[in-house]
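Have a look at the model below, then read on for a quick tour.

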Amino acid sequence: MKRVILITDGDAYAKRTIDYLAHKIGGTSLSYLADNPMTADESAIKAAIQAAPQEPVYVLLDDGGVPGVGSGEKILQSIAADPEINIIGALAVAAHTQNREWSRVSFSIDQAGELQPFGVDKEGVITDELGRINGDTIYLLDQLDLPIVVAIGDIGKMRGKDRIEIGSPITAQALRIILEREGTNHG
């Protein structure tokens with residue numbers, strides 16, 4: 001059973017950051033299948049997960065702002081229903097969505113790297129939403145029984161505080177927490 005971490009972002013910054021962190025922390029990034037919105041189909045994503053040489057497998061999903069169940073969330077549903085895939089956690093990435101989709105989260109990591117009970121916005125700034133985040137491609141996270149959902153701002157950005165040049169510390173911390181909670185200690 002392949003261990004997967006879901007990431008609800010698929011833009012160029014997220015792809016570069018997850019590639020970098022997969023190399024640094026360990027695992028396989030499927031960023032080459034990500035897009036904004038997703039164009040890869042469910043079977044291609046699931047085949048790539050099973051073929052991944054290292055775990056965890058980082059799967060980037062993005063609806064590109066489509067309200068409700070978009071292409072990224074259809075893939076999310078398919079992955080969650082697959083008995084050969086074990087989703088060990090998710091990074092719920094904040095977005096400025098007009099339709100205000102939201103999801104409950106275990107906690108957030110703000111742009112200073114502090115764990116927070118409140119949500120965060122795209123910049124990684126704390127919001128007044130206790131235990132939830134507004135974003136894109138997160139509509140279905142609430143319906144899944146995921147062990148941990150960590151909310152963060154925009155991957156690779158957050159006003160420069162998550163740049164690759166400084167090690168993408170916010171995203172790295174979120175991934176490490178998911179791995180630690182699963183009982184695996186990486187990097």
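What follows is a short briefing on strands, salt bridges, one loop and a surface patch.

This is a predicted model, where local features need pLDDT of at least 70, side-chain atom pairs count only at pLDDT 80 or more, and totals for chains, interfaces and linings use all residues. Residues are numbered from 1 along each chain as its sequence is written, and side-chain values use heavy atoms, with hydrogens and water left out. Helices (H or I, at least four residues) and strands (E, at least two) are DSSP runs, numbered from the N terminus.

**Strand E4 and its partners**

- Start with strand E4 (residues 85–93): 8 of its 9 residues are buried, so the rest of the structure largely encloses it. Buried here means under 20% relative accessible area, exposed means over 50%, and partly exposed is in between (1.4 Å probe, protein chains only).
- Strand E1 (residues 2–7) runs parallel to E4, and 6 bridges join the two. For two strands to pair, DSSP has to find at least two bridges between them.
- Within that pairing, Leu6 sits opposite Ala90 in E4.
- E4 also runs parallel to strand E11 (residues 149–152), with 4 bridges joining them. Ala92 has Ala151 as its bridge partner in E11.

**Salt bridges**

- The structure has 10 salt bridges, each being a side-chain nitrogen of Lys or Arg within 4 Å of a carboxyl oxygen of Asp or Glu.
- Lys46 and Asp82 make one of them, with the closest N and O atoms 3.7 Å apart. Lys46 is in helix H2 (residues 42–51) while Asp82 is in the loop between helix H3 (71–81) and E4, so the pair ties together parts that are 36 residues apart in sequence.
- In that pair, Lys46 is partly exposed at 23% relative accessible area, whereas Asp82 counts as buried at 16%.
- Lys122 and Asp154 make another, and here the closest N and O atoms are 3.1 Å apart. Lys122 belongs to the loop between strand E8 (118–120) and E9, and Asp154 to the loop between E11 and helix H4 (169–182), so this pair ties together parts that are 32 residues apart in sequence.
- Lys122 comes out as partly exposed at 24% relative accessibility, while Asp154 is buried at 4%.
- Lys122 and Asp154 also belong to a network of salt bridges that takes in Asp11 and Lys157.
- Arg163 and Glu165 form a salt bridge too, their closest N and O atoms being 3.7 Å apart. Arg163 is partly exposed at 36% relative accessible area, and Glu165 is exposed at 63%.

- Asp162 is in the loop between E11 and H4, and its side chain has a polar atom 2.8 Å from the backbone nitrogen of Gly156.
- The Asp162 side chain also makes a 2.6 Å polar contact with that of Thr171. A polar contact is a pair of N or O atoms within 3.5 Å; within protein, one must be able to donate a hydrogen and the other to accept it, and residues adjacent in sequence count only if both atoms are side-chain atoms.

- Most residues other than glycine have a negative phi, and most peptide bonds are trans.
- Met158, in the loop between E11 and H4, has a positive phi of about 50 degrees although it isn't a glycine. Met158 is buried, at 0% relative accessible area.
- Arg159 lies in the loop between E11 and H4 and has a positive phi of about 55 degrees, again without being a glycine. Arg159 counts as exposed, at 58% relative accessibility.
- The peptide bond from Glu55 to Pro56 is cis, with omega near 0 degrees. Pro56 is in the loop between H2 and strand E3 (57–60).

**A nonpolar surface patch**

- Phe118, Ile126 and Leu130 form a nonpolar patch on the surface, with about 270 Å² of accessible area together. Accessible areas come from the Shrake-Rupley method with a 1.4 Å probe; for residues, only the protein chains shown count as cover.
- Patches are made of residues with over 30% relative accessible area and no salt bridge: like charges are joined within 9 Å, nonpolar side chains (Val, Leu, Ile, Met, Phe, Trp, Tyr) within 5 Å.
- Ile126 is in strand E9 (residues 126–130) and counts as partly exposed at 37% relative accessibility.
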